[in-house]
Amino acid sequence: MSTEKKSYPGIDCFRILAALLVVAIHTSPLLSFSETGDFILTRIVARTAVPFFFLTSGFFLISRYAYDGARLRRFEKKTGLIYGAAILLYLPVNLYNHYFASEYFLPNFIKDLVFDGTMYHLWYLPASMLGAATAWYLVRRLDYQRALAVTGVLYIVGLFGDSYYGFVEPITFLNKIYASVFQISDYTRNGFFFAPIFFVLGGWIADDRRRIRVGKAVCGFFVSFFLMFGEGMLLHHFGLQRHDSMYFFLVPCMFFLFHVILHFRGRRLQQLRMTALFIYLIHPMVILFVRLAAKVLHRQSLLVDQSLVHYIIVCILSVAFALGMTGIWSRWKLSDSPKRKGTERAWIEMNRDNLEHNVHVLRKAMPIGCELMAVVKTEAYGHGAFAVAIQLDRIGVKAFAVATIAEGIRLRKYGVRGEILILGYTDVSRVKELKKYDLIQTLVDYQYAVSLNRQGISVKAHLKIDTGMHRLGVGYDSVTEVKKIYRMKSLQICGMYTHLSRSDSLEPEDVAFTKKQIDRFYALADQLKADGIAIPKLHIQSSYGLFNYPQLACDYVRCGIALYGVLSTPDSDTVRTLDLRPVLSVKARVIHMQTIPKGESVGYGRAFVTERDSEIAILSVGYGDGIPRNLSGSIGRVMIGMQYAPIVGRICMDQLAVDVTDLTGVAVGDIGTIVADSLDSPLSAPKVAAAAQSISNELLCRLGARLGKVE
Ligand SMILES: *Cc1c(COP(=O)(O)O)cnc(C)c1O
């Protein structure tokens, strides 16, 4: 993921260029020389500026994956605050222009507030707010293709109220429709018709991480730019434009331009963002100021009438002001979000490259036609369901399994697309949610199938067969019941599966039992087939099933623990060994150091008494974070630097104590590793779990509650 951490200085630099293009729109630099030249610069070239800002906002804001709506709310709040400040800033100008004394002040004010801006340039801010919300909603609801279709239609409707208005004007009924649109918003280049498509495009480019090669992007840009140029000139020539912000070819032009800009990678130039914003906000004020100064100094012929000089002066003053404000702003450290990175007391460190690696390895180990069903129950075995599930969705995993309906719904809310199978029990009264979120319910036994069917709402289900595990499922020999289930009207049985109870063992006795389970399952399937029932997708194996019975050709393998790169126990013998890599490590900070004299006790129950003068380090992590309390009393160890130290005394809910007397140079602020992300380490998840008399699965899934996650 290291490439992701690099930033996009191209975007930052282009912000300044775009801001200066906006200034050009409002000053017409070439007007003294050529009217056509001015049209080309301000009505065609400079029309890329605002869509660029929308695309950029969309790129950083819009995603089909979202933990919740907090990002959108933050964007709306921030833009709203800037808008409010800008309205106040221009209040004197509004007063001077008798803005508040106009006849229909209130309706006009509301209209300006929502669409047109209270000053001519301010329309961009409400358009950002409306455009962002519209794009967010559409992408989350419809995904990109359909969101692009909807915003594309909006854009086309907008076009005919803008550059293409000449085609609409003669048609009476369309004319009337547009007339009523213009009652509400002076132009169609607003947050409803114009902005959303660029926000959606920005999000799409961000989510779809494939990049167009630079040569192609440059070509695409030039071709679409010249098409837009021709389009603009023609519309201008025939006098069809009511306004001149929207062109057909502006959309592909911006798409390619943005891809070109993304090719510049490196350090972020964050300050430029503020500078561009200040240029944009202040330049109309600077224009007024220059005009006033020119009048007072009797230099109008040079400073105002000479359009290029006028433009350059406005730019210089605006940039100077903006740089000054940026300086003040950064000195005050009015940074937009509180710094959290690197402040965690204890955390899970995620290696997402390893997760991706494991997916490739597991897929390769499966027979052709068999799909990986990623088991992401219990916060993806403690790794965090959001981060894990969206990465798997991104790289094309199409089937997921969870334990509960709540977990399934959450995956949908995060933006996960594929099939989601609930492995456990769901109260049948929640059938509507199963349908609404397109979840697949496991039929845990015959009675359950009957009552789910009785709800009368058609839902997808997988039938679970008990072949000897005796946990859930309809008995493998209950053929009559199974057949009845297949005939139930409201149940769409799209899968049938069983679970192996001893697939981790290679003992002949256990292998024989497992084979019996497998045979029972297939015998049932064969019998159903013979009786004319269409056999749905079949699956049997979980992680160990894949390791030890790789020859089974099922439709899915339900991979849990293997996906996270570890085995359940440290010395599992398996038929097949795969190159899996652990996805997480658990770390905590040393928050307190103390020298404890010989004979003193440390912690609850006075369970540990020092046998010598001891250096004791307190780490800010405990069983409340999922560290097994069974590791108390020197059973567990912690790695600090490259050295190991025993956990002493009883592990508390929020802290644990480590004896670092034999270590050198341990200090407050040092980082201790409790679970390492290497299988060779004595602190690998299987070894730590074994020390606590458990298995990796339990150790990992208990980590999900409180620990922060870093990458
Ligand atoms: C949890 C679970 C799995 C995943 O098991 P792993 O051993 O972690 O791969 C598979 N199937 C069912 C029914 C489960 O409950």
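This report looks at salt bridges in a predicted model.

## The overall count

Let us start with the general idea: side chains of opposite charge can pair when their charged atoms come close. In this model, the count comes to 25 salt bridges. A few of them are described below.

## A pair within one helix

R15 and D12 form a salt bridge, with 3.6 Å between the closest N and O atoms. Both residues belong to helix α2 (residues 9-27), where they sit three residues apart, so about one helical turn separates them.

## A buried and a partly exposed partner

Another salt bridge links D510 with R502, and here the closest N and O atoms are 3.6 Å apart. D510 is buried, because its relative accessibility of 16% falls under the 20% cut-off. R502, with a relative accessible area of 34%, is partly exposed.

## A pair between two loops

R706 and D654 also meet through their side chains in a salt bridge, at 2.9 Å from N to O. R706 is in the loop between α27 (696-701) and β19 (708-710), while D654 is in the loop between β16 (643-648) and β17 (656-659), so this pair ties together parts that are 52 residues apart in sequence. R706 is partly exposed at a relative accessible area of 38%, and D654 is partly exposed too, at 28% relative accessibility.

Note on methods:
Residues numbered from 1 in each chain as written. Predicted model: local features only at pLDDT ≥ 70, side-chain atom pairs only at ≥ 80, totals over all residues. Heavy atoms only, no water. Salt bridge = Lys/Arg side-chain N within 4 Å of Asp/Glu carboxyl O. Helix = DSSP H or I, 4+ residues; strand = E, 2+ residues; numbered from the N terminus. Buried < 20%, exposed > 50% of the residue type's maximum accessible area, 1.4 Å probe, protein only.
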